[in-house]
Amino acid sequence: MLKIKEYVKAESLEQAYELNQKRTNRIIGGMLWMRMSDAQIQKAIDLSGLGLDQIEETEDAFILGCMVTLRQMELHEGMNAMCGGLIRKSVEDIVGVQFRNLATVGGSLVGRFGFSDVLTGLLVLDTYVELYKGGTIPLAEYANMKRDNDILVHVIIKKTAGRYAYQAHRNTKTDFPVLAVAASMVDGKVKAAVGARPQRARLYLADAPTQEAAEALAAAVVTGSNMRASAEYRSHLAKVLLKRAFAEIREKEEQ
Amino acid sequence: MIVSIQLNGKKIVDDISPDMTLFKFVREHGCYSVKCGCETTNCGLCTVFFDGKPILSCAMLAARADGHRVETLEGLQKEAEEFGQFIADQGAEQCGFCNPGMIMNAIALFRENPEPTDDEIKRYLAGNLCRCSGYEGQLRGIHAFMEYKKQGGAACE
């Protein structure tokens, strides 16, 4: 059972960063995953008072504060228009509305969860994360970094014209995906992210969104077994979902 | 730690433990409609409105709700009773355990989207689990309620 000795509503990022350097202290996001843990937290650091719950649109990007919820992402018209609804599709089957009103983009990415639809979807977009001390780096780089004590402050999604697709398979609605696939084609370059393998999402590159390329790429996807599915089943799904995602990309007009 | 939470229109000041969930807080203040069914943030039974939005109270610290507005079924008496009658008419509640969470989230849906399609209803209520009914009764109740609202709140057959 989760135990928290002290709750601190951070008054600044500097204060949150300093507190977060101690191993027994922890920043809380939506708390949906954390509340199921047996962690003993000395100080729970809450960023909800720092105004990081807004999506700001600039000329060339959408800038999401780390406390933006998955529901805000799902409902944001401009952001979804930019990516052909990829963001909405990647989050809309995550449990229910009540859950998505709490789960945050920051918490989803910092966790680098293997099952994450959010990470899978954002990996094929032109996405960066702004860290409090570590500067701004591509999400793909961040996803492969070890967890540290820095703070993910913003997620920056560049407005990059392209074709985007999202496919996932679930054993039952609202469950974690058995496999999740996101794909994009920008300036003729094809990217695909495969998540819930069940390991964390990984990015793959292809020359064109063809059925042959989907098959070749699926063969390179490393899958594993867990209670939801076997590695063999996931490998089969990778082929199916990549083919569907590439077919969707071929059919779509440039966003 | 001391928190001040507006619960169902009433300001409540209380000394709570830092790891107390909002679920426990509202129960301790007499809101017994709010229940915990799964412990895994999946069932929707503990749905409350936090600043007007439906959330899972089992996953939020009461400390985070300090200075905010929280509503439970007890605070939405008239709205809940009006809609709940249509669920009851269909026998959809059966054991009734999921009903308060289902009603809360259905009210949230109607506030956001007064005339949802079946697909929108199913999507919005996907986070409310019912293990008795298979959801058909609830869907019929929602249809009947929407028809009633369309008729301006007049009784419909």
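Figure 1. In chain A, 62% of the contacts with a separation of 6 or more come from residues 24 or more positions apart. The chain is shown here as a predicted model, and it contains 10 helices and 12 strands. Its radius of gyration is 18 Å, close to the 18 Å that the globule rule gives for 255 residues, so chain A is as compact as a globular protein of that length. Taken along the principal axes, the box filled by its C-alpha atoms is roughly 55 × 45 × 30 Å, and buried residues make up 48% of the 255 residues in the chain.

**Figure 2. The largest nonpolar core and one of its members, Leu242(A).** The largest nonpolar core has 128 residues, and those that touch the most other members are Leu179(A), Val181(A), Ala183(A), Ala192(A), Leu242(A) and Leu22(B). When residues up to four places away in sequence are not counted, Leu242(A) touches Val181(A), Ala192(A), Ala214(A), Leu217(A) and Ala218(A).

**Figure 3. The side of chain A that touches chain B.** The contact is made by 23 residues from chain A and 23 residues from chain B. On the side of chain A, β1 (3–9), β3 (40–46) and α5 (97–100) each supply at least two residues, and β1(A) gives the most, with five residues. Sorted by class, this side of chain A has 11 nonpolar, five polar and seven charged residues. For the complex, the predictor gives an ipTM of 0.95 and a pTM of 0.95.

**Figure 4. Helix α2 of chain B and what covers it.** Helix α2 of chain B has 13 residues (residues 77–89), which at 1.5 Å a residue should span 18 Å, and this agrees with its end C-alpha atoms, which are 18 Å apart. Its buried residues are Ala80(B), Phe83(B), Gly84(B), Phe86(B) and Ile87(B), and what covers them includes α3 (99–112) and α5 (136–150) of chain B. After α2(B) comes Gly91(B), a residue whose phi is positive, near 65 degrees. Chain B averages a pLDDT of 93, and 97% of the residues score at least 70.

Figure 5. Asp89(B) is found in helix α2 of chain B. Is this residue buried or partly exposed? Asp89(B) has 13 C-beta neighbours inside 10 Å and therefore counts as partly exposed, since a residue is buried only if 20 or more such atoms lie within that distance and exposed if 12 or fewer do. Not counting residues up to four places away in sequence, Asp89(B) touches Gly141(B) and Ala144(B). Gln138(B) is 49 residues apart from Asp89(B) along the chain, and their C-alpha atoms are separated by 9.9 Å.

**Figure 6. Helix α3 of chain B, largely enclosed.** From its first C-alpha to its last, the 14 residues of α3(B) reach 20 Å, close to the 20 Å expected at 1.5 Å a residue. Because 10 of these 14 residues are buried, α3(B) is largely enclosed by the rest of the structure. The buried residues include Asn99(B), Pro100(B), Gly101(B), Met102(B) and Ile103(B), and among them are also Met104(B), Asn105(B), Ala106(B), Ile107(B) and Ala108(B). What covers the buried residues of α3(B) includes α5 of chain A, together with β3 (47–50), β4 (53–56), α2, α4 (118–124) and α5 of chain B.

Terms used. Residues numbered from 1 in each chain as written. Chains lettered and ligands numbered in written order. Predicted model: local features only at pLDDT ≥ 70, side-chain atom pairs only at ≥ 80, totals over all residues. Core = buried A, V, L, I, M, F, W, Y, C linked by C-beta atoms within 7 Å. Contact = placed C-beta atoms within 7 Å. Helix = DSSP H or I, 4+ residues; strand = E, 2+ residues; numbered from the N terminus. Rg over C-alpha atoms; globule rule 2.2 N^0.38 Å. Nonpolar A, V, L, I, M, F, W, Y, C, P; charged D, E, K, R; others polar. Expected span 1.5 Å × (residues − 1). pLDDT = per-residue confidence, 0-100.
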